[in-house]
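Please keep the structure in view while reading.

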Amino acid sequence: MIRLNLFCLLILSSFYNQAAQVQITIMAPNKSVIANLVVFLTPIDLSSIAKATIFSPQVILQKIIKQKNKKFVPYIDVVQKGQIILFDNNDDITHHIYSVSGKNRFEFKIKGNKNKKSPILNSTGEVAMGCNIHDWMSGYVYVVDTPFFTKTNTNGKAIFNDMPTGQYQLSIWHPQLDVSNNTITQNITIGKQTSWQITLPKALLPIPKQESEDDFDFLEDY
Amino acid sequence: MKNYFIKTIFFITCALPAHAAEQSLHGIVDTRLINVSAKSNSTSYLLGGYGKFDNKKNSGLTLAQLGVVYKASWQNNVSINIVANAFGNKKHENIGITEAFVRYKGLPNNAGWRLQTKAGFFYPKISLENNAVAWSNPYTLNNSTLNTWIAEELRNTGLQFTLEKLGKFNHSQQDFSLNLSVFKNNDTTGAMLTWHGWTSASRQSLFQEKLKLAPFPARWPGKPLAAQAPYSDPFLELDNRWGAHIVGQWQFHHRQHPFKINIGYYNNNTNTSIEIKGQYTWRMRFVHAGLKVKLAKKLELISQYMHGNTYMQGKNGGFAVNANFNNAFIMLRKHWQQHQIALRMEEFSLDDLDNTWGDNNNEYGRGLTLSYRYRLSKHSFIQSEYNWLQTNRPARWYVKQPIKLIERQLQLAFRVYF
């Protein structure tokens with residue numbers, strides 16, 4: 001990820017003279033901060049040459065999503081179009097991972113303490129994942145078509161270092177964000193202003209606990 | 001029919017590429033020290049008596065269950081599942097298959113719909129207690145009387161289709177499922193329930209097993225049921241007709257109080273005018289309902305209810321055995337760290353609706369179970385349990401035993417799951 005960002009920055013630095021640290025703070029209607037929201041910035045006025053370069057990652061990078069204690073860890077992640085996910089099964093049992101989402105559909109079994117790569121995620125949007133053996137397991141990946149993406153930290157802040165100035169569409173996504181397409185967008189201009197505070201119109205829906213409702217380890221599908 | 005079934009499963013197993021399968025073997029070993037006490041010297045129902053437990057007096061150390069589950073699964077979501085069990089009840093030891101089926105478990109689509117199918121020999125979806133490896137009960141040692149009967153006389157040989165709607169892809173906390181089975185090989189179901197009544201055990205009938213009947217007077221030579229074989233064959237097809245079982249389930253993954261409710265109807269749809277080699281066709285129909293709910297942190301309630309009717313008749317309709325049956329239990333269980341305590345109360349009855357001589361099948365009973373489980377390690381448990389059953393069964397008069405009987409049982413188990 002760092003390598004990709006550096007690579008993109010290298011390209012971008014030849015087009016933009018200024019760079020800024022951008023900080024976006026996202027709060028619930030009751031003003032509490034929210035961590036692990038996907039936040040991404042899509043350039044609006046980029047020249048076609050730069051766009052072509054920036055938007056085709058030369059190296060296929062991967063994010064790691066663990067299966068640990070019969071949960072997806074992290075529950076949410078964000079990748080750029082063209083990347084893959086490495087599923088790392090930390091449990092000693094088999095998981096049957098699947099995605100139900102459009103062109104990013106996939107499924108495979110991973111034996112205990114093994115790992116497996118997803119296919120290349122070439123379609124933007126939500127990838128809703130589950131395990132066909134443990135129905136309570138649930139995880140999401142959001143695929144974006146921009147190199148500028150992150151998740152809010154525990155202080156509810158999305159921080160983008162060395163952002164080229166210009167006009168962007170700011171998007172906020174979370175599977176439990178109870179709005180159309182689970183996404184909120186607004187246009188921002190990075191220049192004089194580098195920080196924004198955004199209050200969500202609604203509180204997030206309850207996030208699934210990813211826990212079996214049974215406390216016994218040796219259950220079968222009866 | 002049985003041979004045909006075994007051959008089919010065998011050929012399917014051979015036809016699937018074994019090298020591509022992921023194979024697994026799991027199971028349970030359950031050994032127990034058992035002490036049974038009853039005021040009269042009643043014989044266990046397993047040995048043809050009216051005793052309600054599967055163990056005799058002074059059973060001592062017993063292998064209550066050795067269950068092994070073999071599973072071979074392929075990437076195309078098809079798996080073969082074979083469950084074998086051995087039971088060491090004194091004078092009634094046996095080993096064999098309790099389930100064998102091919103299963104397809106599809107993946108949900110983006111709306112959350114998922115289809116599953118099973119073909120073979122499998123349990124109908126009724127019990128909310130027996131959800132662990134090899135149909136074992138993780139909560140108590142003895143099953144409720146309701147599920148003891150399921151284990152004794154019910155098994156579907158046929159097809160099962162399950163359509164589920166998982167809520168999670170629509171941000172809903174609710175799942176729904178509809179489960180339909182069509183089956184054969186359950187034509188004598190009802191004989192044991194009617195003739196020995198409700199029982200309490202952890203025993204499961206095996207594919208090849210025959211069950212011993214009590215020597216009630218209607219079976220004496222020259223009497224109405226003289227043609228009845230001394231053993232009932234529980235998984236037998238006599239009339240070549242399909243039966244059906246349908247179950248609907250609603251599951252709500254509420255954060256504080258998740259619950260599951262199911263309601264079902266079973267009808268084996270037999271033609272009741274058939275008798276072959278002493279085995280009669282019994283019509284069996286019942287409704288059942290179950291509830292499992294988390295009442296508070298680490299406190300759960302499990303309850304099941306059943307109401308039905310079963311009857312059989314001679315070839316010319318000259319006599320009949322006809323009974324209504326009811327059963328309900330409530331179990332509360334509290335678990336914390338390595339501990340679990342379960343308390344189960346049950347009430348059950350049989351109402352004899354016929355006038356056949358020497359065949360009084362009335363019964364009324366209540367039961368209480370108190371069980372304590374301690375987890376020694378991830379895989380091993382010790383569990384102690386007290387079972388109390390009070391039953392009123394006039395048929396005991398036939399064997400010169402008191403009609404009203406209280407039976408008690410104390411068990412100490414060492415269970416290993418692997």
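The model is predicted, so local features are taken only at pLDDT of at least 70 and side-chain atom pairs only at pLDDT 80 or more, while totals for chains, interfaces and linings use all residues. Residues are numbered from 1 along each chain as its sequence is written, chains are lettered from A and ligands numbered from 1 in the order in which they are written, and side-chain values use heavy atoms, with hydrogens and water left out.

**Positive surface patch**

- A patch of positive charge on the surface brings together A:Lys209, B:Arg255, B:Lys297, B:Lys298 and B:Lys334; patches are made of residues with over 30% relative accessible area and no salt bridge, like charges being joined within 9 Å and nonpolar side chains (Val, Leu, Ile, Met, Phe, Trp, Tyr) within 5 Å.
- A salt bridge is a side-chain nitrogen of Lys or Arg within 4 Å of a carboxyl oxygen of Asp or Glu.
- A:Lys209 lies in the segment after strand S16 (195–199) of chain A, helices (H or I, at least four residues) and strands (E, at least two) being DSSP runs numbered from the N terminus.
- A:Lys209 counts as partly exposed because its relative accessibility is 39%; buried means under 20% relative accessible area, exposed over 50%, and partly exposed in between (1.4 Å probe, protein chains only).
- B:Lys298, found in the loop between strand S14 (283–296) and strand S15 (299–313) of chain B, is partly exposed at a relative accessible area of 37%, and its phi is near 60 degrees, a positive value in a residue other than glycine.

**Nonpolar surface patch**

- A nonpolar patch on the surface of chain B, with about 950 Å² of accessible area together, includes B:Trp113, B:Phe161, B:Ile246 and B:Tyr305; accessible areas come from the Shrake-Rupley method with a 1.4 Å probe, and for residues only the protein chains shown count as cover.
- Strand S6 of chain B gives the largest share of the nonpolar patch, three residues.
- B:Ile246 lies in strand S10 (residues 243–252) of chain B and is partly exposed, with a relative accessible area of 36%.

**Aromatic pairs and burial**

- Over all chains there are 33 aromatic pairs, where rings of Phe, Tyr and Trp (its six-membered ring) pair if their centres lie within 6.5 Å, planes under 30 degrees apart counting as stacked, over 60 as edge-to-face and the rest as tilted.
- A:Phe218 and B:Tyr417 are stacked because their ring centres are 5.1 Å apart and their planes stand at 10 degrees.
- This pair joins two chains, because A:Phe218 lies in the segment after S16 of chain A and B:Tyr417 in strand S20 (residues 404–417) of chain B.
- A:Phe218 is buried at 9% relative accessibility, and B:Tyr417 is buried at 1%.
- One aromatic cluster is formed by B:Trp149, B:Phe183, B:Trp198, B:Tyr266, B:Phe286 and B:Phe325.
- Helix H2 (residues 145–153) of chain B is mostly covered, with nine of its nine residues buried, B:Trp149 among them.

**Backbone geometry**

- A:Val73 and A:Pro74 are joined by a cis peptide bond with omega about 0 degrees, and A:Pro74 sits in the loop between strand S4 (71–73) and strand S5 (76–80) of chain A.
- B:Asn269, in the loop between strand S11 (259–267) and strand S12 (275–276) of chain B, has a positive phi near 55 degrees and is partly exposed at 29% relative accessibility.

Terms used: Lys, Arg positive; Asp, Glu negative; His and termini not counted. Charge placed at Lys NZ, Arg CZ, Asp CG, Glu CD.
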